[in-house]
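Please walk through this protein chain with me, from its overall layout to its core. Keep the model open as you read.

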Amino acid sequence: MRLGLTLALIACLLASFGSMAGNDRQNDRNQGAKNEQRRLAVNSPDQAVAMVQRQYQGKVLSVQSSGSGYRVKLLNNDGQVFSVSVDAATGRVSRN
């Protein structure tokens, strides 16, 4: 009977340690995502829009996330629609 209790206790402890290891892996992934966000020059669509509006005149029609940053669609005072790309890593703004 003591052996059964001992084995049950060991199994319980191992399960607890396994759960803790899983939490550590999740914390590592979360920390990695936070570090990545801190390394980016542009961290949000609002920040991308603000950067574009400092360089280009016009009404913002839309903002879309792209593979490496954001694409901001603008309507200028002449009625022309154009797009501007914002590289999230570098903060580089370029008209397409």
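**Layout and contacts**

Residues 24 or more positions apart make up 29% of the contacts in the protein chain that have a separation of 6 or more. Bear in mind that this is a predicted model. The protein chain holds 2 helices and 4 strands. From the N terminus on, the order of these elements is α-α-β-β-β-β. Of its 96 residues, 20% count as buried. The exposed surface comes to about 7,100 Å². Carbon and sulfur atoms supply 52% of that surface.

Start with the strands. S1 covers residues 59-66. S1 and S2 run antiparallel and are joined by 7 bridges. Together they form a hairpin, with 2 residues between them. Within this pair, valine 60 stands opposite leucine 74 of S2.

Glutamine 64 also lies in S1. Which residues does glutamine 64 contact, leaving aside its neighbours within four places in sequence? They are Gly69, Tyr70 and Arg71. Proline 45 is 19 residues away from glutamine 64 along the chain, yet their C-alpha atoms are separated by 7.7 Å.

Now move on to the next hairpin. S2 spans residues 69-75, and S3 spans 81-87. S2 and S3 pair over 7 bridges, again in the antiparallel sense. Valine 72 stands opposite valine 84 in S3. Leucine 74 stands opposite phenylalanine 82 in S3.

The hairpin of S2 and S3 has 5 residues between the strands. In its turn, glycine 79 has a positive phi of about 85°. Asparagine 76 sits in the loop between S2 and S3 too. Is asparagine 76 buried or exposed? Its relative accessibility is 15%, so asparagine 76 counts as buried; the cut-off for buried is under 20%. The side chain of asparagine 76 reaches the backbone nitrogen of aspartate 78 at 3.0 Å. Beyond its neighbours within four places in sequence, asparagine 76 is in contact with Gln57, Gly58 and Phe82.

S4 takes in residues 93-95 and pairs with S3 in the antiparallel sense over 3 bridges. Serine 94 in S4 is the bridge partner of serine 85. The S3 and S4 hairpin has 5 residues between its strands. There, glycine 91 takes a positive phi near 80°.

S3 therefore pairs with S2 and with S4, and 5 of its 7 residues are buried, so the rest of the structure largely encloses S3.

Finally, look at the core. In soluble globular proteins, nonpolar side chains tend to be buried together. The largest nonpolar core here has 13 residues. Val42, Val52, Leu74, Val84, Val86 and Val93 have the most contacts inside it. Helix H2 (45-55), S2 and S3 each supply at least two residues of this core. Which element gives the largest share of the core? H2 does, with 4 residues.

Valine 93 ties several of these parts together in the contact list. Not counting residues up to four places away in sequence, Valine 93 touches Met51, Val52, Gln55, Tyr56, Val84, Ser85 and Val86. Among these, Val52, Val84 and Val86 are also named with Val93 as having the most contacts inside the core.

Definitions and conventions:
Residues are numbered from 1 along each chain as its sequence is written. This is a predicted model: local features need pLDDT of at least 70, side-chain atom pairs count only at pLDDT 80 or more; totals for chains, interfaces and linings use all residues. Side-chain values use heavy atoms; hydrogens and water are left out. A nonpolar core is a set of buried Ala, Val, Leu, Ile, Met, Phe, Trp, Tyr and Cys residues joined through side-chain atoms within 4.5 Å. Buried means under 20% relative accessible area, exposed over 50%, partly exposed in between (1.4 Å probe, protein chains only). Contact means heavy atoms within 4.5 Å. Accessible areas come from the Shrake-Rupley method with a 1.4 Å probe; for residues, only the protein chains shown count as cover. Two strands pair if DSSP finds at least two bridges between them. A polar contact is a pair of N or O atoms within 3.5 Å; within protein, one must be able to donate a hydrogen and the other to accept it, and residues adjacent in sequence count only if both atoms are side-chain atoms.
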